[in-house]
Structure formats: structure tokens, C-alpha cells
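Please describe the helical packing in the model shown below, together with the surroundings of a few selected residues. A careful account, with the cut-offs behind each term, would be welcome.

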Amino acid sequence: MIKIIILVALAAVLAIVCVCQPNLLSQNTILNGLMNHEVLALMSVILTVTLASVANIHLAINRVVTKKFSNNPDLRAAAAEVKKELKDNSWYIFWGFLAALVLIVAEGSIDSEIATAIIYAGVIWILGLYLMCMYDVYQVAFGVVDMDDGDAATPDMNADGGGD
């Protein structure tokens, strides 16, 4: 719920800036330098790291549910809801990347200050979405670590001569 409130507030602030002072966004030298392939590179790193994290979290949740919650249907349902939320966050990040790609490509052919400010605001909002989704994903990751108290089977690096 807090994610939605923050994203709506960010959208409102960006909309107000676009209407009242579009030059704050369109003529900002930092944004002008960032709103090209650089922002797409940043987003692609976030996308790949977060999707890999989500895959590992899904596996960890499945292991914890199988090991500890197999006899409790309520906890299994809660775990399924957490996995659904993770999937939703992954899709938000994926579609956000595609939307940012379209916006950045469109920005290259636009010469209007207001349109540039709107595009920059859209990309900034997508970055805000990324941050909120990353926060959700890593909050779940730390929760899974707390649930899985370390008694899961982990390979011993020194047992087979590896490691130190």
C-alpha cells in the first residue's frame, strides 16, 4: 500500500512540475545527460539483478514451504501470495523498462520543452517504480533469510577439498 501512495505522490509532484515549471526537468543538465542510453543501462542492470534475485527467492520460498510449512495450508497460501507479489514486481520492472525505452527513443525526436519535461517525468516515475519494486523484493529476501534459520542443506566448501 505504501508503494502505491509513494508512486501516486511522485506522479503528482512530477505532473505539477511539468505543468508549472517544465524547464526544471527539460533544461536540467544532469537529466539531459542521464536520459539517453545511460538510463537504459541503469535500468537493465536493475532489471537483471532483480529478476535473478526473484528467481532465487522463489526457490528459497519453495524450500522453506516444503520443509517447514507443508502441513499448514494457511502458511502455504501466504507463501503463494508472497510469490505472486514477487512476480507482479518482476513484471512491473520488465514493462517499466520497455516503457522507458519507448520514452527515451521518442525523446530523441521531440523538440518541445513541455514534451521533454513530460518524458523525463515519465522516466523518473519509472525509476521510482523500480526503487519501490526493489524495496519489496529485497524485503521479502531478508524475510526468507529470517525464516530459513540456516538449517537448510548447504554444501560445505571444505568437504570436497574446495574453498580455502
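The structure is a predicted model, in which local features need pLDDT of at least 70 and side-chain atom pairs count only at pLDDT 80 or more, whereas totals for chains, interfaces and linings use all residues. Residues are numbered from 1 along each chain as its sequence is written, and side-chain values use heavy atoms, with hydrogens and water left out.

**Whole chain.** The secondary structure consists of six helices and zero strands, where helices (H or I, at least four residues) and strands (E, at least two) are DSSP runs numbered from the N terminus; in sequence order the pattern is α-α-α-α-α-α. Of the 164 residues in the chain, 32% are buried, a term that stands for under 20% relative accessible area, with exposed meaning over 50% and partly exposed the range in between (1.4 Å probe, protein chains only). The accessible surface, from the Shrake-Rupley method with a 1.4 Å probe, amounts to about 9900 Å², and carbon and sulfur atoms hold 68% of it. Among contacts (heavy atoms within 4.5 Å) with a separation of 6 or more, 81% join residues 24 or more positions apart.

**Helix pairs.** Two pairs share helix H6 (residues 113-147), and their axes are lines fitted to C-alpha atoms over the stretch in contact, with angles from 0 to 180 degrees between N-to-C directions.

| Pair | Axis angle | Axis distance |
|---|---|---|
| H4 and H6 | about 25° | 9 Å |
| H5 and H6 | roughly 160° | within 9 Å |

Because angles under 35 degrees count as roughly parallel and those over 145 as roughly antiparallel, H4 is roughly parallel to H6, while H5 and H6 are roughly antiparallel. H4 passes H6 in a left-handed crossing, and H5 also passes H6 in a left-handed crossing, that is, with the near helix turned anticlockwise from the far one by less than a right angle. The contact of H4 with H6 has 22 nonpolar, two polar and one charged residues, and that of H5 with H6 has 19 nonpolar, four polar and three charged; here Ala, Val, Leu, Ile, Met, Phe, Trp, Tyr, Cys and Pro count as nonpolar, Asp, Glu, Lys and Arg as charged, and the others, Gly among them, as polar.

**Single residues.** Thr116 belongs to helix H6 and counts as buried because its relative accessibility is 8%. Beyond its neighbours within four places in sequence, Thr116 is in contact with Ser26, Glu107 and Ile110. Ala80, which lies in helix H5 (residues 73-107), is partly exposed at a relative accessible area of 43%, and its C-alpha atom is separated by 9.7 Å from that of His58, 22 residues apart along the chain.

Technical notes:
Angles under 35 degrees count as roughly parallel, over 145 as roughly antiparallel, 65 to 115 as roughly perpendicular and the rest as oblique.
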